[in-house]
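Please find below a colleague's note on the structure under discussion.

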Amino acid sequence: MNTTQLFAFLTELARHNDRDWFQSHKPTYEQLRREFEAAVTGWLRELTVSDPRLAGLEPKKTLFRIYRDVRFSKNKDPFKTHFSAYFSEGGKAGTGPGYYVQLGPQGQTMLAGGIYVPEKDQLTRIRQEIDYNGPVLHQLLEAPEFRRYFPGLGGEKLKKAPAGYPADHSDVELLKHKSFVVSHHIPDATVHQLDLDTYVPAVFRAMQPFCEFLREAVE
């Protein structure tokens with residue numbers, strides 16, 4: 001996949017984010033989309049080796065559309081300025097833990113995973129698992145291979161301990177999280193230097209124990 005060409009196209013799309021410009025450059029978009037899907041196919045194949053739960057997932061079902069849903073947004077730009085995919089049981093619509101890849105200029109590139117804004121029952125189960133097995137999660141988050149890419153849990157947190165848990169709980173900071181996600185951001189210049197065919201699966205493998213912890217919790 002030619003990331004230089006992809007970023008050049010997306011940079012121009014950000015400058016001319018309208019349907020007329022996009023339509024006149026649609027052949028370029030379709031070529032880049034095919035290249036991205038080919039890369040996604042390879043990443044998914046590699047990831048399935050270490051996470052068999054993804055076996056049988058069709059690459060097309062992991063890909064997000066470039067068209068934005070502007071119905072409830074103040075930003076009415078019709079197109080996203082990145083390409084992205086989500087690997088999870090059920091594809092991009094899956095509600096369980098998964099692996100997210102996003103490629104785009106101006107610092108948009110990242111590899112992330114976990115569960116973003118879990119459903120109420122899922123959130124309850126995850127917090128219960130942390131209450132029971134907090135040391136296990138700490139060990140996963142502090143593993144050298146994990147820390148090579150991820151600084152720790154990100155996302156919004158409650159200001160106080162969630163209902164049912166004491167303020168002095170040993171893992172209160174983990175319990176406060178509303179989402180359970182980790183992310184690895186990649187600068188533009190670095191993206192063009194990397195062999196993404198090997199780098200993306202390597203980052204996802206480092207994330208996998210974290211995803212498995214969440215999977216066990218919600219199931």
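At what angle do helix H3 and helix H8 pack, and how far apart are their axes? The points below begin with that pair; the model is a predicted one.

1. Helix H3, which covers residues 26-50, packs against helix H8, residues 196-218, at an angle of about 35°. The axes of H3 and H8 lie 9 Å apart, and the crossing of the two helices is right-handed.

2. The H3 side of this contact consists of Trp43, Glu46, Leu47 and Ser50. On the H8 side, these residues meet Leu196, Asp197, Val200, Pro201, Phe204, Arg205 and Gln208. Sorted by class, the contact of H3 with H8 holds six nonpolar, two polar and three charged residues.

3. Helix H8 also packs with helix H4, residues 120-142. Here the angle is about 145° and the axes are 8 Å apart. The crossing of H4 and H8 is right-handed.

4. From H4, the contact with H8 draws on Gln122, Arg125, Ile126, Glu129, Ile130, Asn133, Val136, Leu137, Leu140 and Leu141. H8 contributes Pro209, Phe210, Phe213, Leu214, Ala217 and Val218. The contact of H4 with H8 comprises 12 nonpolar, two polar and two charged residues.

5. Which strand gives the most to the lining of the largest pocket? Strand E3 does, with five residues. Strand E3 (110-115) and strand E4 (180-185) each provide at least two residues of that lining.

6. The largest pocket holds about 410 Å³ of space. Its lining is made up of 23 residues; those nearest the pocket centre are Gly114, Ile115, Tyr116, Val117 and Val181. By class, the pocket lining has 12 nonpolar and 10 polar residues, together with one charged residue.

7. How many cavities of 30 Å³ or more does a search of the whole structure find? The search finds one. The largest cavity contains about 30 Å³ of space.

8. The residues that line the largest cavity are Arg33, Phe64, Arg65, Ile66, Lys80, His82, Phe83 and Ser84. By class, the cavity lining divides into three nonpolar, two polar and three charged residues.

9. The structure contains 12 salt bridges. One of them joins the side chains of glutamate 12 and arginine 15, with an N to O distance of 2.5 Å. What separates these two residues along helix H1? Glutamate 12 and arginine 15 are three residues apart in helix H1 (residues 3-15), and therefore they are separated by about one helical turn.

Terms used. Residues numbered from 1 in each chain as written. Predicted model: local features only at pLDDT ≥ 70, side-chain atom pairs only at ≥ 80, totals over all residues. Heavy atoms only, no water. Axes fitted to C-alpha atoms, helices over the stretch in contact; angles between N-to-C directions. Helix = DSSP H or I, 4+ residues; strand = E, 2+ residues; numbered from the N terminus. Left-handed = near helix turned anticlockwise from the far one by under 90°. Contact = heavy atoms within 4.5 Å. Nonpolar A, V, L, I, M, F, W, Y, C, P; charged D, E, K, R; others polar. 1 Å grid on protein atoms, 1.4 Å probe; cavity = no way out; pocket = protein on both sides within 12 Å on 5 of 7 lines; lining within 4 Å. Points joined across faces, edges and corners; volume = space filled by probe spheres on them. Salt bridge = Lys/Arg side-chain N within 4 Å of Asp/Glu carboxyl O.
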